[in-house]
Amino acid sequence: MNTHHDTHGHIGHERAAGSDIALAKLLELDAEVLAPYLAELTGWLAKLSPGPDSILDLGSGPGTGSFALARQFPSAHVTAVDLSPQMLHRLHKQAAVHDVAARISTVEANIDGPWDKIGKNGPYDLIWAASFLHHVADPARTLSQAFQQLRPGGLLAVTEMDFFPLYLPEDTGVGRPGLETRLHAATKTQPDHEWTDQLKNAGFTVEKRTFEIRLDHAQAGRSVNACAQGFLAKLRSHATDLLEADDLTTLDVLLDETQPSSIAHRADLRVHTTRTTWIARRP
């Protein structure tokens, strides 16, 4: 994935090794919390593309998408591509934990550059690009490359996080109600992503589906507190000049693990977000 960070419902890759490791852990927590959604999404793909042999994961990060695909398609080989060696090293380690190391290979490559290395395991039956396409320098070029790497009838699945998950109750018991809504409104810096026309221009036929994700604390599981802590701390780092002083103070209290009202200890967290997937088929 690319080297920048923005706050419109996604997290980009910072290049420092320490930042990559922290980001990888947060993405893994997100995948744990949203496991029901990932199962639903990959199950839908299985109906549209039964039995793919070769899958490409563009901007794989630490491999959460690769592992979900490997679980859904037990006979497929997954090629995971990322610019970050730290991300790919972590992916290798986690692949062994998930017992899929024999079915996942990695390629360190800049997707904005030549696709010579990426294409070595192609052509592909399925290409996965989750929270990634908005990072590339030239989306039209990337979509053209993806089209060329797919077998006829193959699928490209492009997914975007429409907004950062909402975790907090309206009234947290600290500060003014509605803090998280104001935080999201202040840090949303880009319009919603829309890829339909560009996918059609690249030669694909396109189907679009939005998944609404609502999980209570029990459904989200034990990782939800750490995940909420990580995402809200990420947003806090961008909010210094965007929120009122009292909201910043409240957010700092909620992020302070020594406080009784801390996000780290709350049992009233939940998850609400939407993610949109474009299914693009090469005729």
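A: Start with the residues. Ala39, Thr42, Gly43, Leu45 and Ala46 of helix α2 meet Ala68, Leu69 and Gln72 of helix α3. Sorted by class, the residues of this contact are five nonpolar, three polar and no charged. Keep in mind that this is a predicted model.

Now the geometry. Two packed helices are described by the angle between their axes and by the distance between the axes. Helix α2 covers residues 35–48, and helix α3 covers residues 64–72. Their axes come within 10 Å and cross at roughly 50°. An angle under 35 degrees would count as roughly parallel, and one from 65 to 115 as roughly perpendicular. The pair α2 and α3 is therefore oblique. The crossing of α2 past α3 is right-handed.

Next, look at the sheet. Seven strands form an open sheet, and the pairing is mixed. Read across, the order is β3-β2-β1-β4-β5-β7-β6. Strands β3 and β6 (205–215) stand at the edges with a single partner strand each, so one side of each has no neighbour in the sheet. From one strand to the next, the twist averages 20°. Helix α2 packs on this sheet. It touches β4, β5 (150–161), β6 and β7 (271–281). The direction of α2 makes about 155° with that of β6.

Strand β4 holds residues 124–130 and pairs with strand β1, residues 54–58. The two run in the parallel sense, over three bridges.

Move on to β2 and β3. Strand β2 (residues 77–82) and strand β3 (residues 104–108) also run parallel, joined by five bridges. Here Val78 stands opposite Ile104 in β3. Between these strands the chain passes through helix α4 (residues 85–97), and this β-α-β crossover is right-handed.

Most residues other than glycine have a negative phi, and most peptide bonds are trans. Asp99 lies in the loop between α4 and β3. Its phi is near 60°, a positive value in a residue other than glycine. Pro123 sits in the loop between β3 and β4. The peptide bond from Gly122 to Pro123 is cis, with omega near 0°.

Helix α9 (residues 224–236) packs with helix α10 (residues 245–255) at an angle of about 150°, and their axes are 11 Å apart. That angle makes α9 roughly antiparallel to α10. Their crossing is left-handed. On the α9 side, the contact includes Gln229, Leu232, Ala233 and Arg236. On the α10 side are Leu248, Leu251, Asp252, Leu254 and Leu255. By class, this contact has six nonpolar, one polar and two charged residues.

The crossing of α2 and α3 is right-handed, whereas that of α9 and α10 is left-handed. The contact of α2 with α3 has no charged residues, while the contact of α9 with α10 has two.

How values were computed. Residues are numbered from 1 along each chain as its sequence is written. This is a predicted model: local features need pLDDT of at least 70, side-chain atom pairs count only at pLDDT 80 or more; totals for chains, interfaces and linings use all residues. Side-chain values use heavy atoms; hydrogens and water are left out. Axes are lines fitted to C-alpha atoms, for helices over the stretch in contact, and angles run from 0 to 180 degrees between N-to-C directions. Helices (H or I, at least four residues) and strands (E, at least two) are DSSP runs, numbered from the N terminus. Angles under 35 degrees count as roughly parallel, over 145 as roughly antiparallel, 65 to 115 as roughly perpendicular and the rest as oblique. A crossing is left-handed if the near helix is turned anticlockwise from the far one by less than a right angle, and right-handed if clockwise. Contact means heavy atoms within 4.5 Å. Ala, Val, Leu, Ile, Met, Phe, Trp, Tyr, Cys and Pro count as nonpolar, Asp, Glu, Lys and Arg as charged, and the others, Gly among them, as polar. Two strands pair if DSSP finds at least two bridges between them. A crossover is right-handed if, with the strands pointing away from the viewer, the path from the first strand over the helix to the second runs clockwise.
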